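Take a look at the protein below.

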Amino acid sequence: MKLPVFLCLLVASIGAHAQIDLSALREAARSRDIPALSRMADNAQNDPLEMYPRYYLLSTQLNTVAQEDVDAFFARFDGTPLAERLRQDWLKELGRRQDWAHYVVEFPKLDSPSLDLQCLNAQARIAATGSADLSKLRGFWFADKGQPESCGPIFESLFSAGQLTQEDAWLRIRMALSAGRNDFATQLAPRVGFPSELTGRVLGQANSQPQKALGKLDYSHRAGREVALFAVQRIARTDPDAAAQALDSLKEKLPEADRRYGWQQIAEIAAKKQYPEASGWFSRGGLDGLDADGRAWSVRAALRVGDMTAVLDRIAAMPADQAAENAWRYWYAQALKRANRAQEAAPILLKLSDGDDFYALLAREEAGPALEATPSPYLPTDTEIKTVGAKPGVVRALALFGQNWRVEGNREWNWAMRDLSPQELVAASTLAARNKIYDRSIYSAERAKPLSGLVMRFPTPYREQIEREARAQNLDPAWVYGLIRQESRFVADIRSGAGASGLMQLMPSTAQWVGKKNGQKKLDISSLTDPDTNVAYGAFYLRYILDRLGGQAILATAGYNAGPGRAKAWQDDTRQLDPIVYIETIPFEETRDYVKKVMANAQLYGASFGESESFHTRLAPIPGKNVDAATIDAP
């Protein structure tokens, strides 16, 4: 890949043109070709990417290198993302060697230690001093799946010291069963005395034949009661009403606390299925003991049935950090307004309106008096842009992008942005945009707010293709731009792990379907990274979904992410829904977040295009399901 002209000039001006062939480097690392890696490292003197062959030379033979070899790398390249990566690798190797003396020296230098490395650090401290403060690691026990092997000795120490108890073990078993991880629950059985109910056979029957299992359990033992609650959850996943009946039938066999937990579990499952009874079931279970997700769904269940009194009470009962999230601040204000307490809601909305996310845009239109004018965007000078471009991390990032090492380029770029001033961030954003690295331009501009202008945070590359195809399909260009910004950040050749490609992140099956609809017998999948092809196919598919979902942009946005059938299923059967309630109660977290961001993007793009439509107008009410709607046959 050739470097953009501006980048070539910039790199040449600072005498730092990268000579390393990164494709050859990757192949040598993959094949563990030590002689080739050694030659590349020797020939990389003064190259801006010099550390990369040196890193791979060390990482491919980490189990045999000496501490002094690693120290030499850190001496030259410390404070870089690659040094952070090597230190993580090296700490794992030190743990394998049980070289705790060196471990305790290196660990404090790590920027973001993983759980695995934190547990190894605790082992190192115990080995070095005979003791360590393990209290901060206690919370890692409470997970519904297995933790790194290095945490095993730490958990043993916590149990021995009485900082973890058998009750904590039961809680984790309950968490594992709630997550459907039967095998892991069985692995935890030794912590609670090997009860027969926690065998694979009993849990397997509770999973596959839950109604039958309920009649065979011994409710005098805790293990039997926990398996019963697991069976009730399994029933709820297919039939919440039947689960409610089953739990009611057990009221003489389960303690009150267990019954409350059972109602909470049924309620959360039902809320994600948008059952109107879910809010009432949350009331039966109460809020005590719910995790953050459960508390959120208790509010969403109340929103779905319009019980704003319950919304107010349930948000008020949240821990302060969760209640401070934008979603719950917004809905708390709405509930206050419904309770004729608008004066209390006004300052919440006013404070929330300072931003450009989904809730800030909503609040801005409801806050009342106009906000102070946004400062004019900062305009960096060419000298400032050149100065930022000469920073070593930025030079490395641009060199990596120049050879299409996007993951590594992103890592270098993001690391280089950490200590920049807002003015420098604007200069970096400008530099990235000039080199058509739009995702990093947006990244830097977001961090520079409020000095970065709307146009910088919401750029319009590929405008000819996008506006042409939007007109051809009679789509709102601002909406299409908003969707592309969320899908790909305007990286034309991006491919997701799932196989989606290009600006509008089309799956091959979707593209083939669009091609057939347009009379094309065979599609070259590689063409989906071409902006013209990708936007043409994506706009056609978006138009198709929009038509099948009654012209509702919110539904079509959800359908583009999760499939049009699901978007339709999330409508109420008969009632018209408030559009914000529909979005808030989308069961999939990814899709819920996606729709909020795309619709907010569309509003801000519209504003940058000079449109005056309000955000509330853009968010049209969601009608009840139309049983006469056309069959949805899209992939």
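The mean pLDDT of the protein is 93. Of its residues, 94% reach 70 or more. Two stretches call for care. Over residues 1–16 the pLDDT is below 50. This stretch still has 27 contacts in the model beyond near neighbours in sequence. Over residues 627–634 the pLDDT also stays under 50. Here the model has 16 contacts beyond four places in sequence. Where pLDDT is low, predicted coordinates should not be read in detail.

Now turn to charge. Side chains of opposite charge can pair when their charged atoms come close. How many salt bridges does the structure hold? There are 45.

Start with Glu226 and Arg174. They form a salt bridge, and their closest N and O atoms are 3.0 Å apart. Glu226 sits in helix H14 (residues 222–238), while Arg174 belongs to helix H10 (residues 166–178). The two residues are 52 residues apart, so the pair links distant parts of the chain. Are these two residues buried or exposed? Both Glu226 and Arg174 are buried. They also belong to a network of salt bridges.

Next, find Arg434 and Asp382. In this salt bridge the closest N and O atoms are 3.4 Å apart. Arg434 lies in helix H27 (residues 422–434) and Asp382 in helix H24 (residues 382–389), so the pair ties together parts that are 52 residues apart in sequence. Arg434 counts as partly exposed because its relative accessibility is 39%. Asp382, at 56%, counts as exposed.

Glu469 counts as buried because its relative accessibility is 13%. Arg468 has a relative accessible area of 30%, so Arg468 is partly exposed.

Last comes the empty space. Rolling a probe the size of a water molecule over the atoms shows where such space is left. A search of the whole structure finds one cavity of 30 Å³ or more. Helix H18 (residues 292–304) gives the largest share of the lining, four residues. By class, the lining has five nonpolar, two polar and two charged residues.

Note on methods
Residues are numbered from 1 along each chain as its sequence is written. This is a predicted model: local features need pLDDT of at least 70, side-chain atom pairs count only at pLDDT 80 or more; totals for chains, interfaces and linings use all residues. Side-chain values use heavy atoms; hydrogens and water are left out. On a 1 Å grid over the protein atoms alone, a cavity is a set of points where a 1.4 Å probe fits but cannot get out, and a pocket is an open set with protein on both sides within 12 Å along at least five of seven lines; lining residues have an atom within 4 Å of a point. Grid points are joined across faces, edges and corners, and a volume is the space filled by probe spheres set on the points. Ala, Val, Leu, Ile, Met, Phe, Trp, Tyr, Cys and Pro count as nonpolar, Asp, Glu, Lys and Arg as charged, and the others, Gly among them, as polar. pLDDT is the predictor's confidence in each residue, from 0 to 100. Contact means heavy atoms within 4.5 Å. A salt bridge is a side-chain nitrogen of Lys or Arg within 4 Å of a carboxyl oxygen of Asp or Glu. Buried means under 20% relative accessible area, exposed over 50%, partly exposed in between (1.4 Å probe, protein chains only).
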